[in-house]
Amino acid sequence: MLDRVLGLLRIRVVRGVNLAVRDVRSSDPYVVLRMGKQKLKTQVIKKTVNPEWDEELTFSVEDPSVPVKLEVYDKDRFSADDPMGDAEFDIKPFFEAVKMDLRGAPPPDGSVLRKQASTRANCLAEESSIYLLNGKVVQDIVLRLRNVECGEIELQLQWVDLPSSKSS
């Protein structure tokens, strides 16, 4: 285990699409993200299976080989919250794109640095591009939820360098 933080991973939880119904006609979904021992949660969006969170959660990254685990729950007032599916994704391809040497002549905004294919081994619903946006490395991800009848979660990853984490 590395004892220093390499940088920050900012995850924008954009929205859920066609999530499972867990109440009478709808759900009150929220997302829990875990990376190693860190755990972050979005707010609850009431009475919808197509929630728009547009919420940013930030992890400190010590080891880019640790996957990010995502779980969606339906908030219940009088009983345990109902699971609405889960997914996980690997940030290694994203981290490798972040570490590419772009100091010379950086590619123009919108340039795709690499693509991550959707495979059985990952939860990507479709191919995901890692690209430059305003000089920052960004990845848009659509995750297909597992252990549930339906649902996808849209995320956007962005890397934040820390002043002390410049690679030597």
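Modeller: What follows is a set of questions and answers on a predicted model.

Colleague: Why is Gln139 called buried?

Modeller: Buried means under 20% relative accessible area. Gln139 has a relative accessible area of 0%, so the term applies. This residue lies in strand β9, which covers residues 136–144.

Colleague: What makes the approach of Gln139 to Gln116 a polar contact?

Modeller: The limit for such a pair of N or O atoms is 3.5 Å. The side chains of Gln139 and Gln116 make their contact at 2.7 Å, which is within that limit. A second polar contact, of 2.9 Å, links the side chain of Gln139 with that of Ser128. Leaving aside residues up to four places away in sequence, the residues that Gln139 touches include Phe94, Ile130 and Leu155.

Colleague: How do you know that β9 and β10 are paired?

Modeller: Pairing requires at least two bridges between two strands. Seven bridges join β9 to β10, so they count as paired, and they run antiparallel. In one of these bridges, Asp140 has Gln156 of β10 as its partner. Strand β10 also pairs with β1 (residues 7–17), in the antiparallel sense and over nine bridges. There, Leu8 stands opposite Val160 in β10.

Colleague: What makes β3 and β6 edge strands?

Modeller: They belong to an open sheet of four strands in the order β3-β2-β5-β6, with antiparallel pairing. Both β3 (38–41) and β6 (82–89) pair on one side only. Neighbouring strands of this sheet are turned by 20 degrees against each other on average, direction ignored. Four bridges connect β3 with β2 (residues 29–35), and Leu33 has Leu40 in β3 as its bridge partner.

Colleague: Why is Cys123 called buried, and why is Cys150 called partly exposed?

Modeller: Cys123 has 6% relative accessibility, so it falls under the 20% limit and counts as buried. Cys150 has 24%, which lies between the 20% and 50% limits, and therefore counts as partly exposed.

Technical notes: Residues numbered from 1 in each chain as written. Predicted model: local features only at pLDDT ≥ 70, side-chain atom pairs only at ≥ 80, totals over all residues. Heavy atoms only, no water. Helix = DSSP H or I, 4+ residues; strand = E, 2+ residues; numbered from the N terminus. Axes fitted to C-alpha atoms, helices over the stretch in contact; angles between N-to-C directions. Buried < 20%, exposed > 50% of the residue type's maximum accessible area, 1.4 Å probe, protein only. Polar contact = N/O pair within 3.5 Å; in protein donor to acceptor, adjacent residues only side chain to side chain. Contact = heavy atoms within 4.5 Å.
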